[in-house]
Amino acid sequence: MGGDWSFEIGGGTDNRSKGASKSGNEAYVFGSATWQSDDGLFYAGPAIETIDSGGSDAEAEFVIGYQPESFGYQFDFNVAYKNRLDADAGYDEDTFEFTGAASRAIGPATGQLEIQYSPDAAGSTKAFTWVEGSAEWAFSGKLDGSVALGRREQDNAPDYTAWNVGVTYALTDSIGLDVRYYDTDAVEFGDQYKEAVVAEIAYAF
């Protein structure tokens, strides 16, 4: 069977997902392995990251996806299974997430729309839908800037809007640094929604 494997490890000052912290506003580390088919259409692989939720310190993930290109647009459709390892007894530790995204690049600019749905999220949250629009601008071969705005509608948990803006800089061909400002309109629901400046570094090989 053809295809190639790639790997990434890294860490950051906070583990942010959909604008909210998954690590108790503390530092985290992550790692992933991704197989991609020779034609670039299919990919799959495991990942793990540290969190602080439901008694669990780590979340494992396996994702499989399909990313065709048509009419000048790049599409990405994937399914991810996530499990919060060694969570407290009675805690809903796992979930499936279904994601579809479409992006288009015009010169140095790239725009993307992403829609994600889960029928039953981890923890007390039930079904949710996440919709996010983002734009990226390549200032040079090493420096990119981007901004994103998203909305999460969920059952048995707060609905909220989240946004972020930041830059990514290629320190080397394999090491990237991202510095980003996050905020939401849901601070009254907990510290995980409060604003933060987050720095992340990743090594890809």
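This report describes surface patches, strand pairing and salt bridges in a predicted model.

Residues are numbered from 1 along each chain as its sequence is written, and side-chain values use heavy atoms, with hydrogens and water left out. Local features need pLDDT of at least 70 and side-chain atom pairs count only at pLDDT 80 or more, whereas totals for chains, interfaces and linings use all residues.

**Salt bridges**

A salt bridge is taken as a side-chain nitrogen of Lys or Arg within 4 Å of a carboxyl oxygen of Asp or Glu. By this rule the model contains 8 salt bridges. The table gives three of these pairs, including two that involve Glu59.

| Pair | N to O separation |
|---|---|
| Asp14 and Arg16 | 2.9 Å |
| Glu59 and Lys22 | 2.7 Å |
| Glu59 and Arg84 | 3.1 Å |

Glu59 lies in strand 6 and Lys22 in the loop between strand 3 (20–21) and strand 4 (28–36), so this pair ties together parts that are 37 residues apart in sequence. Both of these residues, Glu59 and Lys22, are buried (under 20% relative accessible area; exposed is over 50%, partly exposed in between; 1.4 Å probe, protein chains only). Glu59 and Arg84 are likewise both buried. Through shared partners, salt bridges join Lys22, Glu49, Glu59 and Arg84 into one network. As for the remaining pair in the table, Asp14 counts as buried at 4% relative accessibility, and Arg16 is buried with a relative accessible area of 10%.

**Surface patches**

Patches are made of residues with over 30% relative accessible area and no salt bridge; like charges are joined within 9 Å and nonpolar side chains (Val, Leu, Ile, Met, Phe, Trp, Tyr) within 5 Å. Phe62, Ile64, Val79, Phe96, Phe98 and Tyr117 form a nonpolar patch with about 540 Å² of accessible area together (Shrake-Rupley method, 1.4 Å probe). Strand 6 (56–66) and strand 9 each give two or more residues to this nonpolar patch. Phe98 belongs to strand 9 and is partly exposed, at 38% relative accessibility.

A patch of negative charge gathers Glu26, Asp52, Asp57, Asp86 and Asp88 on the surface. Asp88 sits in the loop between strand 8 (73–85) and strand 9 (94–106) and, at 46% relative accessibility, counts as partly exposed.

**Strand pairing**

Strands are DSSP runs (E, at least two residues) numbered from the N terminus, and two strands pair if DSSP finds at least two bridges between them. Strand 13 (residues 160–170) pairs with strand 14 (residues 175–184) in the antiparallel sense over 9 bridges, with Thr168 opposite Asp178 in strand 14. A hairpin through 4 residues joins strand 13 to strand 14. Strand 14 also pairs in the antiparallel sense with strand 15 (residues 196–204), over 8 bridges; here Leu177 stands opposite Ile201 in strand 15.

Key: Lys, Arg positive; Asp, Glu negative; His and termini not counted. Charge placed at Lys NZ, Arg CZ, Asp CG, Glu CD.
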